[in-house]
Amino acid sequence: MKIVIIKYNAGNIQSVSFALERLGYQAEITADHDAIRNADKVIFPGVGEASTTMAYLKSEGLDQLIPSLKQPVLGICLGMQLMCSHSEEGDTPCLGIFDEKVKKFIAPPKDSGNIKIPHMGWNQLTNVREPLFNKELENEYVYFVHSFYVATGPDTAAESNYIHPFSAALRKDNFYATQFHPEKSSKAGEQILRNFLEM
Amino acid sequence: MLAKRIIPCLDIRNGQTVKGVKFLDIKEVGDPVELGALYAQQGADELVFLDITASHEKRKTFVDLVKRIAQHINIPFTVGGGISELSDADALLSAGADKISINSSAVRNPQLISDMAQHFGSQFVVVAIDAKQIAGDDWTVTVNGGRIPTEKRLFSWAREAEERGAGEILFTSMDHDGVKQGFANEALARLSDERGIPIIASGGAGAKEHFKDVFTKGKADAGLAASIFHFNEIPIPELKAYLKNEGISIR
């Protein structure tokens with residue numbers, strides 16, 4: 001099986017690659033269009049800022065390529081947000097794979113307890129849907145770091161709750177995405193990556 | 001619900017963990033990767049690796065170590081010690097670190113926080129503050145492992161760090177560190193109330209109850225400790241079971 005991690009100016013590419021190695025898979029890290037198009041599985045990671053990252057994707061023509069892919073694609077964190085239609089971060093038009101808008105978390109008034117932003121740490125998955133998640137992953141904890149979120153909607157594949165419910169994962173056709181970092185989410189994260197790789 | 005985090009901290013010198021460890025099931029006692037992997041398996045939520053290697057030429061050893069950690073450990077980890085330039089942080093990010101912590105270098109050059117946050121994002125930047133209580137609510141920020149007091153004060157420095165783009169504050173009370181009588185909960189609670197970013201509490205853990213207190217009275221988002229974990233005085237699974245039983249949100 002040929003796995004490609006899309007190479008761009010994102011922070012966690014190495015971590016995703018290492019996580020796959022721990023599962024016994026080797027991935028190619030590349031921005032080459034042919035290599036991406038011909039892969040069996042494509043991973044679109046992401047840590048960074050939306051507008052600068054979108055500008056970079058455009059400069060590489062990846063904004064056209066990614067939505068046209070037919071094989072299973074997994075977006076992670078910023079990767080998931082960029083697969084939506086628009087992000088409030090930098091008022092950025094995104095790839096439009098998921099018809100969802102990415103919004104900034106707003107902390108409630110301090111007298112209801114001091115809620116910190118970013119949402120950072122381990123939180124639980126609920127309403128998980130196959131095939132990215134198996135039922136054993138219901139209520140499992142995974143690792144999140146984000147200040148922007150996608151509300152729950154028709155494409156939601158798992159939920160979590162911080163300030164209010166939000167999409168912990170999305171799925172539409174061959175496109176899968178997680179707001180959390182499976183590559184940093186211990187055994188639960190390994191299971192999710194394995195589910196994606198074994199699709 | 002977002003869980004409170006338990007974070008073991010490992011001091012590294014020349015690529016080896018410094019403090020002795022009392023784990024029978026560890027093959028190579030001094031190997032930070034193996035110890036870190038054991039903690040991760042036991043349920044640690046994150047790890048912190050602090051490089052206390054004095055000499056500059058040994059830095060490469062640490063970067064190599066960070067890469068090995070990233071290869072083998074499936075939870076987030078922070079690395080700190082001797083990071084004073086963007087290029088230091090960049091090398092650690094490329095090696096696979098999830099976050100870096102800066103301490104004395106940020107006190108000497110606060111602009112470093114802004115530069116790091118802008119370059120790598122706030123989520124990558126932990127500002128560590130070592131402070132000593134002068135009187136009541138007055139805490140002086142210290143550098144060089146608590147040896148040198150500065151003009152900066154804890155609460156105003158924490159505010160500046162957040163304003164400059166720090167993603168988290170790691171506050172160590174030098175008065176509580178190593179004493180094992182509990183964390184500096186009063187100062188922690190004020191920090192947590194005043195700041196909009198997560199607070200990691202450090203210094204003073206000696207019993208399971210101290211973690212309960214730091215999450216309730218101290219309102220901390222995470223509790224960090226070293227020796228109680230290294231010497232297996234409080235095994236992580238036992239600590240987490242206790243906290244869950246006490247109604248604390250724990251993974």
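Me: When does a residue count as buried, exposed or partly exposed?
Reply: With C-beta atoms placed from the backbone, one counts the other C-beta atoms within 10 Å of the residue's own. Having 12 or fewer makes a residue exposed, values in between make it partly exposed, and 20 or more make it buried.

Me: What kind of model is this, and how are its parts numbered?
Reply: Residues are numbered from 1 along each chain as its sequence is written, while chains are lettered from A and ligands numbered from 1 in the order in which they are written. Local features need pLDDT of at least 70 and side-chain atom pairs count only at pLDDT 80 or more, whereas totals for chains, interfaces and linings use all residues, as this is a predicted model.

Me: Is A:His181 buried or exposed?
Reply: A:His181 lies in the loop between β13 (175–178) and α6 of chain A, where helices (H or I, at least four residues) and strands (E, at least two) are DSSP runs numbered from the N terminus. Because 25 other C-beta atoms lie within 10 Å, A:His181 is buried.

Me: Which residues does the UniProt annotation "active site" cover?
Reply: The annotation comes from an unreviewed entry, and such annotations may be inferred rather than shown by experiment.

Me: How many residues of chain B are in contact with chain A?
Reply: Two residues are in contact if their C-beta atoms, placed from the backbone, lie within 7 Å. On this basis, 30 residues of chain A meet chain B, and the number on the side of chain B is 27.
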